[in-house]
Amino acid sequence: MLRQIEGSRAVAEAVASCRPEVVCAYPISPQTHIVEGLAELVKSGTLAPCEFVNVESEFAAMSVAIGASAAGARAYTATASQGLLYMTEAVFNAAGLGLPIVMTVANRAIGAPINIWNDQSDSMALRDAGWIQLYAETNQEAADLHVQAFRIAEELSTPVMVCMDGFVLTHAWEPVDVPGQDAVDAFLPPYEPRQVLDPAEPSSIGAMVGPEAFTEVRYLGHARLMEALDVVPDVADRFAEAFGRNSGGLTRSYRTEDADTIVVALGSVLGTLKDTVDALRDDGLRVGVLGLTCFRPFPADAVRAAIGHARRVVVLERAFEPGVGGIVTQNVVAAAPAAEIHAVIAGLGGRAITKKSLSRVLREADRLPPLTFLDLDRSLIDRELGRLAAGRRSGPTAENLLRDLGAVASRIG
Amino acid sequence: MAVTPIKFYQTGSFAVGGRLLGDDQRSVQSGRQRINSIDCGHRACQGCGEALGARYALDAAMRATGNRMVAVNATGCLEVFSTPYPETSWRIPWLHSLFGNAPAVATGVAAALKAKGRTDVRVVGQGGDGGTVDIGFACLSGMFERNDDVLYICYDNEAYMNTGVQRSGATPPAARTATTPAVGAEPGAVFGQGKNVPMIALAHEIPYVATATVADLRDLEAKVTRAMEFRGARYLHVLVPCPLGWGSASHDTIRIARLAKESGIFPVFEAEHGEIVATSKIRHRVPVEDYLRRQTRYAHLFGDPPRTDVIEKIQALADRNIRRFALLEEA
Ligand SMILES: Cc1ncc(C[n+]2csc(CCOP(=O)(O)OP(=O)(O)O)c2C)c(N)n1
Ligand code: SF4
């Protein structure tokens, strides 16, 4: 049943319907509404049995999830941005230990300069952590992906990160059919850990591994993650069967069959892209969109199959690797080395990605350099570079930029 | 706490072997049902106080819980010497995650057990002084503040031994470590630094806080047993000499631990809900010099010329402990 509901609340309810036994989180915008929702559901007894652990940091939150999961409980946490980085050591550890923890990342930029708005630098920074990474396009998908995430995680004994764009999705109210308890119960069997801390059958988890076996252990982790390329679409199919809607899977194509230009992207920007493509099609441009729902493991075969016939590919990213360029782009290049591929970095720190800018870029796709920053204010950059070149004390760059924009009243530098 | 008087069948030391006692009066180690939580074949140095302390503490905890217990370990010597993959010395369910998160991981285990209604299974967290007083301190304090049902045991060897004897927040003044070398005007660790975690634990007013040493293993067993009678957060701080890091003889571990207590430099006490309820009195008071001399980490104090000024300052610390905790028997 469709309900007008905030994205965070929908996710909280979807997670609750998965019956996590331990929920543990530390507040950070834009994740807060999700865990506030869960706190209420636990405290009111709606979600039971479940322990909601209020911790002193994200590092502790992931650590609690690790302990809970190893002790055989279904464990969940959520974070964003600085919080995700603060828990990084434990994030890698959870994957190494093969613990099927599910975590929501309410995507947000990373400071400095501090910025609470959406981009995907946070989850992208942890792309090598050994977690499966799923990206939601809509709040419906965000809710659905969480239900699938527990199933995928537990089938593979590998943690799953469900990434949803901060504010754009988390704080947006839109109609969502939140998966119902009975349907979820039928879809998601109880958690059966592969290895568990149990006095009846003691095992040592987290032993020290030397050079003689470390490579093999890491390889097995990789193999497990690659298995997800089968499990993720399989779970999506079974979800579609049970819930009557398609959400999840590895990739999603929109008007790509006859497209000569394909835009690859992930997250909520896909909606804007589809609208843009529709408009461009009306003008006779043959453009299509490939959405990546699964980014880790990278679905190279599916991507190649979807973009192989296009003349050029534009990868639209809400994060980048300073000193290199696009992160997703490099993965697409590796999957389809023959293609002409351009990286477009967009929407950093919450800057709106408008249809206008997107259609401009796509109309000019022929002339795009390998790396473009969408809507970059060149004059601002030139002024700052000029200041640096003039050898004048420049002060903190971000503040200079803000002054040039007239956004700070006080004189700096 | 009810005290059962037991007969001393062994004289000449303060230990009670107990093999001649009935099962109910025996020490855990001499009991026939001893679980041997940490088995032989681990790779600790000879005379390692931490290996000894862990074995006594965990065996006692196992007895107290009827062998229904899970242990969580911080990174450090204890973890490294006990689990060289694919071997393990642990005969109990045991989990190692990271250096700085053992208290939080233990919280997670406790939360899971609670959610699953397994109130019979108990949780022990453990780590070295580095993992406890430094990097894991926020997690430890959080665990105390929430009063999670975890007994956390710190094996205090007064430095980061696993990485090669560097200073920790528990390294005592004047001690030489790899990062507080015995050079300069103030050789070794500086005075006035360091963290007294037992007292900080006390300030959290958790149900139970105690200190112990490996010199009095019967006392260690009793404290673990007592700790397991409480629900909620409990903290046990055990002094475990490290022959490698302290530069002491392997056969001197127990003696040095005893000298630490008998000099007053390491006060042994018990507290419940924020109040000290018992102290182990000094039986044969010794000057701190007797304690310091047996460790090359203090060798620079006994050079030419000897640093009697520094030794006096350490003595003053011991004297302060003696006053503060009333460590001497009333005359
Ligand atoms: C985040 C992090 N920093 C540093 C280390 C390296 N490290 C491993 S064990 C250790 C010291 C352990 O000292 P302590 O906790 O006192 O235990 P001990 O080995 O003395 O028993 C250090 C610094 C680590 N594993 N993780
Ligand atoms: S270095 Fe010290 S603590 Fe580590 S195993 Fe050796 S004696 Fe034990």
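Tutor: Helices here are DSSP runs of H or I with at least four residues, and strands are runs of E with at least two, numbered from the N terminus. Keep in mind as we go that this is a predicted model.

Student: Which residues does a cis peptide bond join in chain A?

Tutor: Look in the loop between strand S2 (22–25) and H2 of chain A, where A:Pro30 lies. Omega is about 0° at the bond in question. The residues joined by this cis peptide bond are A:Ser29 and A:Pro30.

Student: And where is the place of B:Pro305 in chain B?

Tutor: Here too there is a cis peptide bond, with omega about 0°, and it joins B:Asp304 to B:Pro305. As for its place, B:Pro305 is in the loop between helix H10 (288–292) and helix H11 (308–324) of chain B.

Student: How do the residues of the contact of H3(A) with H3(B) divide by class?

Tutor: H3(A) passes H3(B) in a right-handed crossing. From H3(A) come A:Ala60, A:Ser63, A:Val64, A:Gly67 and A:Ala68, and they meet B:Ala104, B:Val105, B:Thr107, B:Gly108, B:Val109 and B:Ala112 of H3(B). The division is seven nonpolar, four polar and no charged.

Student: Within chain A, are H1(A) and H2(A) parallel or oblique to each other?

Tutor: The axes of H1 (residues 7–17) and H2 (residues 32–43) of chain A come within 8 Å and cross at roughly 45°. The crossing is right-handed. H1(A) and H2(A) are therefore oblique.

Student: Now the ligands: between which chains does ligand 1 lie?

Tutor: Among the 17 residues around ligand 1, those that come nearest are B:Glu50, B:Cys77, B:Gly130, B:Gly131 and B:Ala159. An oxygen atom of the ligand is 2.8 Å from a polar backbone atom of B:Cys77, and an oxygen atom is also 2.8 Å from a polar backbone atom of B:Gly131. For B:Met161, the distance from a polar backbone atom to an oxygen atom of ligand 1 is 2.9 Å. Ligand 1 itself lies between chains A and B.

Student: Which elements give two or more residues to the shell around ligand 2?

Tutor: The shell consists of B:Ala44, B:Cys45, B:Cys48, B:Cys77, B:Phe81, B:Asn157, B:Met161, B:Cys242, B:Pro243 and B:Leu244. The elements giving two or more of these residues are helix H2 (77–82) and helix H8 (243–246) of chain B.

Student: How many residues of that shell around ligand 2 are nonpolar?

Tutor: The shell has no charged residues. One residue is polar, and the number of nonpolar residues is nine.

Notes: Residues numbered from 1 in each chain as written. Chains lettered and ligands numbered in written order. Predicted model: local features only at pLDDT ≥ 70, side-chain atom pairs only at ≥ 80, totals over all residues. Heavy atoms only, no water. Left-handed = near helix turned anticlockwise from the far one by under 90°. Contact = heavy atoms within 4.5 Å. Nonpolar A, V, L, I, M, F, W, Y, C, P; charged D, E, K, R; others polar. Axes fitted to C-alpha atoms, helices over the stretch in contact; angles between N-to-C directions. Parallel < 35°, antiparallel > 145°, perpendicular 65-115°, else oblique. Near = heavy atom within 4 Å. Polar contact = N/O pair within 3.5 Å; in protein donor to acceptor, adjacent residues only side chain to side chain.
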